[in-house]
Structures are given as C-alpha cells and as structure tokens.
Amino acid sequence: MDSSQQQPLLPDDFIQLCQLVTAKRPKAVIDHILQYGFVTTEELKQRYGYNHPPRAARDVREHGIPLETFRVTGSDGRRIAAYRFRDISKARFSRLSGRTGLSKQLKDELIDKYGCKCFIYLEKVDKRELQIDRRVPFEVDGEPELESESFMLLCGSANRAKSWSC
C-alpha cells in the first residue's frame with residue numbers, strides 16, 4: 001500500500017462510536033478498516049465470505065459512517081475496489097443508525113416547490129403516496145445535506161424502480 005492509501009489517525013471518540021456497531025456485516029468491515037486502514041472486495045469475499053462486497057460497504061454507510069472507494073491491485077493483478085473511512089467529520093451516528101429520517105416539513109417544501117407529482121413519471125399523485133428520495137443514491141454519496149435540492153418526490157413504484165436500477 002502506498003502512502004496515498006494510508007488511513008489518517010482517527011480520533012478516539014470516532015473509534016469508540018465505530019465499535020458500537022454490532023451488526024455482523026458492517027462490524028466486519030469497520031473492524032478490518034480500523035485494524036488495517038482499508039479493506040478490499042477480495043478480502044470481503046475470501047476472508048469474510050461476503051459474495052457481494054459493495055453491500056457490506058453500503059451497510060457501513062447506512063450506519064452513518066462515510067466510506068471512500070478507491071482502487072488497488074488484487075492478488076490476480078487486476079484492479080479491484082477497496083474501502084476506507086472518508087471525511088469522518090461527516091459521520092452521523094444515531095441510536096437508529098443509518099440514514100437520517102426525513103421530515104414532513106421537507107416533504108411539504110418539496111410539494112410547494114415541484115407540485116404533488118412523481119418526479120420520474122411526472123404523474124399527479126396523492127400527497128400521502130409520495131415518498132421523499134435522494135437524488136443521488138445513499139450508497140453512492142452517503143448522507144446529503146438536508147436541503148430540498150438534494151431530494152425529489154417519487155411514487156412507490158418509481159422509488160422501487162430507481163432502487164433496483166442502482
């Protein structure tokens with residue numbers, strides 16, 4: 001590993017909060033990163049038996065811990081993904097862990113701005129059937145700023161279709 005891949009020293013309070021995560025998959029990723037500075041998709045498959053390593057990384061992100069994806073050379077010489085902690089000042093630990101709940105106020109603000117319609121299908125939808133969704137998926141960019149520009153309103157089927165396509 002070259003110096004550009006090394007994890008900077010982490011504050012004790014951040015490490016203590018990371019150690020509070022008890023779910024098996026994200027805990028394995030967190031503990032490995034704490035010990036070695038990063039974890040590769042190869043290690044997640046071979047050492048921990050995870051057939052879909054990006055899902056393990058997503059679990060960490062959903063606990064409010066920002067991760068960065070970068071490339072390293074795997075044992076077969078091919079470039080593979082690796083994960084390390086990203087700007088830890090953006091970590092959002094909570095009792096619920098994971099994604100921040102979105103308020104009725106934000107939904108009302110989006111309705112005022114865009115109307116009571118699905119952003120993807122452009123169909124008018126009853127207010128109670130609209131769901132707030134992040135414009136950039138959580139798995140890609142983590143937790144956005146809680147500003148209306150970061151979100152859109154979708155009907156349930158559009159939200160599911162968007163999730164499946166990501």
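1. Arg-84 lies in strand β3, residues 79–85; strands here are DSSP runs of E with at least two residues, and helices are runs of H or I with at least four, numbered from the N terminus. This is a predicted model, in which local features need pLDDT of at least 70 and side-chain atom pairs count only at pLDDT 80 or more, while totals for chains, interfaces and linings use all residues. Residues are numbered from 1 along each chain as its sequence is written, and side-chain values use heavy atoms, without hydrogens and water.

2. Arg-84 counts as buried because its relative accessibility is 9% (buried means under 20% relative accessible area, with a 1.4 Å probe and protein chains only). Its side chain makes a polar contact with the side chain of Glu-68 at 2.7 Å (a pair of N or O atoms within 3.5 Å, one able to donate a hydrogen and the other to accept it).

3. Strand β2, residues 67–73, runs antiparallel to β3 and is joined to it by seven bridges; pairing requires at least two DSSP bridges. Phe-70 has Ala-82 of β3 as its bridge partner. The two strands, β2 and β3, form a hairpin with five residues between them, and Gly-77 in the turn has a positive phi of about 90 degrees.

4. Helix α2 (residues 24–36) and helix α4 (residues 53–62) have axes that come within 8 Å and cross at roughly 90 degrees (axes are lines fitted to C-alpha atoms over the stretch in contact, with angles from 0 to 180 degrees between N-to-C directions). The helix α2 is therefore roughly perpendicular to α4, a label for angles of 65 to 115 degrees.

Notes:
Buried means under 20% relative accessible area, exposed over 50%, partly exposed in between (1.4 Å probe, protein chains only). Angles under 35 degrees count as roughly parallel, over 145 as roughly antiparallel, 65 to 115 as roughly perpendicular and the rest as oblique.
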